[in-house]
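Here's a quick briefing to read alongside the model. Keep the 3D view open and click on each residue as it comes up.

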Amino acid sequence: MSTLDHPAAFRVSRRLHGLIPVLALLAGWEAASRSGLVDPKLLPSLLTVAGRAGQELAEGRLAVDVAASLARDIAGFTIGSLAGILVGLLLGLSRLADRLIGPSFNAVKQIAIFAWIPLISVWFGVGEDAKIAFIALAAFTPVVVNTWEGARAAPPKLAEVARVLEFGRWRTLRLVALPAALPAIFAGLHLGLINAWLATVGAEYFMTVGPGIGGLMTEGREHFHMDLVLLGVLLLGLIGLALNTLATRLEARALRWRRRA
């Protein structure tokens with residue numbers, strides 16, 4: 001009997017297959033470092049990086065850096081996503097707002113996120129407020145775009161029923177617009193979470209150095225401690241993967257509930 005007959009076994013098999021490139025990359029990294037093919041000072045072995053992780057963890061620094069990065073990420077993502085949902089609903093449900101604000105937003109969203117750093121630095125300084133503002137901006141754009149499209153794509157029949165039943169604006173929003181836009185909103189939140197994590201690293205790396213994974217990597221670069229830099233890279237990848245997995249599962253659960261409703 002094949003794994004196709006067992007969906008759970010098929011999913012596990014697919015995940016294991018997805019690990020093959022990662023394991024191959026790690027094996028190549030270890031082999032290159034230990035064989036002398038690459039200078040170990042430039043590419044420390046996995047064992048060296050693991051030892052550095054243990055040292056940082058024992059000294060309590062690693063937990064502080066990870067917690068600081070996650071706190072910034074969550075704060076910026078929350079602010080940016082809430083603002084993005086509100087603006088997206090406004091653009092999707094109001095033709096006037098769509099005509100007045102839509103073209104300007106479509107122009108502004110073409111600006112690369114890192115191009116905003118000088119302006120944010122002037123407005124908010126280069127401390128914690130600026131970092132959170134930068135992360136919020138990174139999350140804001142994809143949430144607006146997806147919410148806007150989702151609210152605008154609500155089936156006309158539902159809007160017609162709401163008019164016949166004489167729903168007020170609040171009931172129309174709650175019972176018609178939001179349920180119809182929910183899949184698009186969750187897709188935007190998923191993208192916003194990914195963008196927020198990337199922006200967290202950029203904010204910590206390009207703004208004032210402080211606690212955080214970006215600060216950890218900056219310290220490693222300045223003192224040429226490549227094991228510290230690579231530890232930061234691995235942490236960024238692992239935490240990013242965990243956040244993406246969490247967002248995927250929450251999105252699937254929320255949309256499953258919507259389908260049942």
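Which residues does His-225 touch, not counting residues up to four places away in sequence? They are Arg-52 and Gly-220. Bear in mind that this is a predicted model. Let's start with that histidine, then look at the cores and at a pair of helices.

**Around His-225**
- You'll find His-225 in the loop between α9 and α10.
- Is His-225 buried, exposed or in between? His-225 has a relative accessible area of 32%, so it counts as partly exposed, a label for values between 20% and 50%.
- Pro-44 is 181 residues away from His-225 along the chain, yet their C-alpha atoms are separated by 9.3 Å.

**The nonpolar cores**
- The largest nonpolar core has 41 residues, and the ones touching the most other members are Ile-120, Phe-134, Met-207, Ile-213, Leu-231 and Leu-235.
- At least two residues of this core come from each of α2, α3, α5, α6, α8, α9 and α10.
- There's also a second, separate core of seven residues, with Leu-91, Phe-105, Phe-140 and Val-144 among them.
- Zoom in on Met-207: leaving out residues up to four places away in sequence, Met-207 touches Ile-117, Ile-120, Val-126, Ala-130, Lys-131, Phe-134 and Gly-202.

**How α3 and α6 meet**
- Two packed helices are described by the angle and the distance between their axes.
- For α3 and α6, the axes come within 6 Å and cross at roughly 35°, and the crossing is right-handed.
- Sorted by class, the contact of α3 with α6 has 18 nonpolar, seven polar and five charged residues.

Methods
Residues are numbered from 1 along each chain as its sequence is written. This is a predicted model: local features need pLDDT of at least 70, side-chain atom pairs count only at pLDDT 80 or more; totals for chains, interfaces and linings use all residues. Side-chain values use heavy atoms; hydrogens and water are left out. A nonpolar core is a set of buried Ala, Val, Leu, Ile, Met, Phe, Trp, Tyr and Cys residues joined through side-chain atoms within 4.5 Å. Buried means under 20% relative accessible area, exposed over 50%, partly exposed in between (1.4 Å probe, protein chains only). Helices (H or I, at least four residues) and strands (E, at least two) are DSSP runs, numbered from the N terminus. Contact means heavy atoms within 4.5 Å. Axes are lines fitted to C-alpha atoms, for helices over the stretch in contact, and angles run from 0 to 180 degrees between N-to-C directions. A crossing is left-handed if the near helix is turned anticlockwise from the far one by less than a right angle, and right-handed if clockwise. Ala, Val, Leu, Ile, Met, Phe, Trp, Tyr, Cys and Pro count as nonpolar, Asp, Glu, Lys and Arg as charged, and the others, Gly among them, as polar.
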